[in-house]
Amino acid sequence: IYRMWMDDQLNEHEFMCPYCWENISMLLDASVRSQSYVEDCEVCCNPIQVSYEYDYQGYLSRFDAVRLGQ
């Protein structure tokens, strides 16, 4: 768990794609406390179910990136 603020409360978060196992990064919107959406991997273009949550102090408390449908 860590805290990293950028302009407009966008945080860059690096993780491993659940399809191709490449390290990729996405911008997370910290102004919305909890989100879940689908975004394609920038390397292999497969759809990733991204879910994350920030706590009340602005720390990223949960991040999941799984294959769509899992």
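Q49 counts as partly exposed because its relative accessibility is 22%, where partly exposed lies between buried (under 20% relative accessible area) and exposed (over 50%), computed with a 1.4 Å probe on protein chains only. The place of Q49 is in strand β4, residues 47-54; strands here are DSSP runs of E with at least two residues, helices are runs of H or I with at least four, and both are numbered from the N terminus. The model is a predicted one, in which local features need pLDDT of at least 70 and side-chain atom pairs count only at pLDDT 80 or more, while totals for chains, interfaces and linings use all residues. Residues are numbered from 1 along each chain as its sequence is written, and side-chain values use heavy atoms, with hydrogens and water left out.

Leaving aside neighbours within four places in sequence, Q49 is in contact (heavy atoms within 4.5 Å) with S36, Y37, V38, D64, A65, V66 and L68. With a relative accessible area of 13%, S51 is buried. The side chain of S51 makes a polar contact with the side chain of S36, at 3.0 Å. Beyond four places in sequence, the contacts of S51 are Q35, S36, R62, F63 and D64.

Stepping back to the whole chain, the protein has zero helices and five strands, so that the order of elements from the N terminus on reads β-β-β-β-β. Of its 70 residues, 30% count as buried. Among contacts between residues at least 6 apart in sequence, 29% join residues at least 24 apart. The average pLDDT, the predictor's confidence in each residue on a scale from 0 to 100, is 88, and 87% of the residues score at least 70. Over residues 1-7, pLDDT stays under 50, and the model has 20 contacts beyond four places in sequence for this stretch.

Strand β1 (residues 10-16) pairs with β2 (residues 23-29) in the antiparallel sense over seven bridges, where two strands pair if DSSP finds at least two bridges between them. M16 stands opposite N23 in β2. Six residues separate the two strands of this hairpin, and W21 in the turn has a positive phi of about 65°. β1 has a covered face, with N11, H13 and F15, and an uncovered one, with L10, E12, E14 and M16. On the covered face, N11 counts as buried because its relative accessibility is 4%. The side chain of N11 makes a polar contact of 2.4 Å with the side chain of Y54.

A second hairpin is formed by β4 and β5. These strands, too, pair in the antiparallel sense over seven bridges, and Y52 stands opposite F63 in β5. Five residues lie between the strands, and G58 takes a positive phi near 90° in this hairpin. Y52 touches L28, D29, V32, R33, S34, Q35, Y37, L60, R62 and F63, not counting residues up to four places away in sequence.

In soluble globular proteins, nonpolar side chains tend to be buried together. The largest nonpolar core here has 16 residues, and those with the most contacts inside it are F15, I24, L28, I48, V50, Y52 and F63. A nonpolar core is a set of buried Ala, Val, Leu, Ile, Met, Phe, Trp, Tyr and Cys residues joined through side-chain atoms within 4.5 Å. The elements that give two or more residues to this core are β2, β4 and β5 (60-67), and β4 provides the largest share, four residues.

The cysteines complete the picture. The structure holds zero disulfides, a disulfide being a pair of cysteine sulfur atoms within 2.5 Å. C44 is in no disulfide, and its nearest cysteine sulfur, that of C41, is 3.7 Å away. C44 counts as partly exposed, at 26% relative accessibility. The sulfur of C45 is too far for a bond, because the closest cysteine sulfur, in C44, is 6.7 Å away. C45 is exposed, with a relative accessible area of 54%.

Methods. Polar contact = N/O pair within 3.5 Å; in protein donor to acceptor, adjacent residues only side chain to side chain.
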